[in-house]
Amino acid sequence: MNAVPPHLSAGSSPRVTTEKVVWWHEWMPGLFSFRISRPAGYDFVPGQFARLGVANDAGEMIWRAFSVASAPASDYLEFYAVVVEQGVFTPLIHQRRIGAEVRVEKPAQGFLTADRLWRGDEPKDLWMLSTGTGLGPFIAMLEDTEVWRRFDHLVVVHSVRHAAELGYRERLEALTRSPRSGGATLRYVPTLTRDPHTPLTQGRVTTLLQSGALAAAAGAAFDAARSRFMLCGNPAMVEESRALLKARGFTNDRKLTPGHIAVENYW
Ligand SMILES: Cc1cc2nc3c(=O)[nH]c(=O)nc-3n(C[C@H](O)[C@H](O)[C@H](O)COP(=O)(O)OP(=O)(O)OC[C@H]3O[C@@H](n4cnc5c(N)ncnc54)[C@H](O)[C@@H]3O)c2cc1C
């Protein structure tokens, strides 16, 4: 589980490398995706995160974790991020943009990978529940044809405050119409918490999960034999959703004990 499969492996090289920001996209002010040159021999499994470092004005290196949002085969690494006003790393990189130097630590880390959830009894539905930039690892997973092959239905739930914060919306909508090869279909369920005047689903993930509205919007029922869940982003959403799922009989996936739920908290 989680070892880099040979087709995603690029070999070995130094532990920390210096890369450059080569591409930048601002979804709305302060919400952005950026790409850096990919370090030689940098391997990752979709869902894993990279440790990135930028130097502050005093020359100190500030390190933070960022989930990789790009395809395992791309020659860049993409990340989806938001400026945290009281934060350190994100205001710095947001100010510097294309050309900024970014350190990358090897290897990639993390256990929010789909391979752990397709162990065992051939589950059918993969639910990817996210808030804000917690969508990033799922964007990488949707670039992996193995994920499309292992499940029948992929469901991406993306909870944000306003519709303008729905990064990657067009790509996700396109994938619902034209799925990647492998056999699965994608349901995309954007949900808004503070933007009532749109036709999109309204409400917090936890409220929608509890009321049954999430299952209805996705057109898929929760079922222990079929369903597996990945939760990523705001720790309150992650923990409350996990508790609701456990109350319905779903269990945490553990290394030695396969279960239904895998999570990543961003803070
Ligand atoms: C495993 C892992 C993967 C991560 N992947 C991503 C990612 O792909 N994209 C991303 O934007 N962040 C991600 N984060 C969070 C990231 O590491 C930084 O904490 C974040 O980008 C803010 O950095 P900062 O130095 O500006 O603020 P920090 O000093 O790190 O954070 C200050 C405060 O901001 C809040 N905060 C932190 N992250 C976020 C966020 N994403 N959205 C809203 N509020 C936040 C928290 O209250 C935190 O205490 C990840 C964290 C972990 C542990």
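In this predicted model, the structure holds 15 aromatic pairs. One of them joins F66 and F79, whose rings lie 6.4 Å apart from centre to centre, with 70° between their planes, an arrangement that is described as edge-to-face. Since planes over 60 degrees apart count as edge-to-face, the pair of F66 and F79, with its 70°, falls into that class. The two residues stand 13 residues apart and link distant parts of the chain, for F66 belongs to strand β4 (residues 61-67), while F79 belongs to strand β5.

Where they meet, 18 residues of domain 1 are in contact with 17 residues of domain 2.

| Feature between domain 1 and domain 2 | Value |
|---|---|
| Buried area | about 1,400 Å² |
| Part of the buried area from carbon and sulfur atoms | 64% |
| Salt bridges | 0 salt bridges |
| Polar contacts (both residues at pLDDT 80 or more) | 3 residue pairs |

On the side of domain 1 that touches domain 2, the elements giving two or more residues are β1 (16-28), β2 (31-37) and β5 (76-82). Of these, β5 gives the most, with 5 residues. Sorted by class, this side of domain 1 has 13 nonpolar, 4 polar and 1 charged residues.

Definitions and conventions: Residues are numbered from 1 along each chain as its sequence is written. This is a predicted model: local features need pLDDT of at least 70, side-chain atom pairs count only at pLDDT 80 or more; totals for chains, interfaces and linings use all residues. Side-chain values use heavy atoms; hydrogens and water are left out. Contact means heavy atoms within 4.5 Å. Buried area is the accessible area (1.4 Å probe) that two parts lose on being put together, summed over both. A salt bridge is a side-chain nitrogen of Lys or Arg within 4 Å of a carboxyl oxygen of Asp or Glu. A polar contact is a pair of N or O atoms within 3.5 Å; within protein, one must be able to donate a hydrogen and the other to accept it, and residues adjacent in sequence count only if both atoms are side-chain atoms. Helices (H or I, at least four residues) and strands (E, at least two) are DSSP runs, numbered from the N terminus. Ala, Val, Leu, Ile, Met, Phe, Trp, Tyr, Cys and Pro count as nonpolar, Asp, Glu, Lys and Arg as charged, and the others, Gly among them, as polar. Rings of Phe, Tyr and Trp (its six-membered ring) pair if their centres lie within 6.5 Å; planes under 30 degrees apart count as stacked, over 60 as edge-to-face and the rest as tilted.
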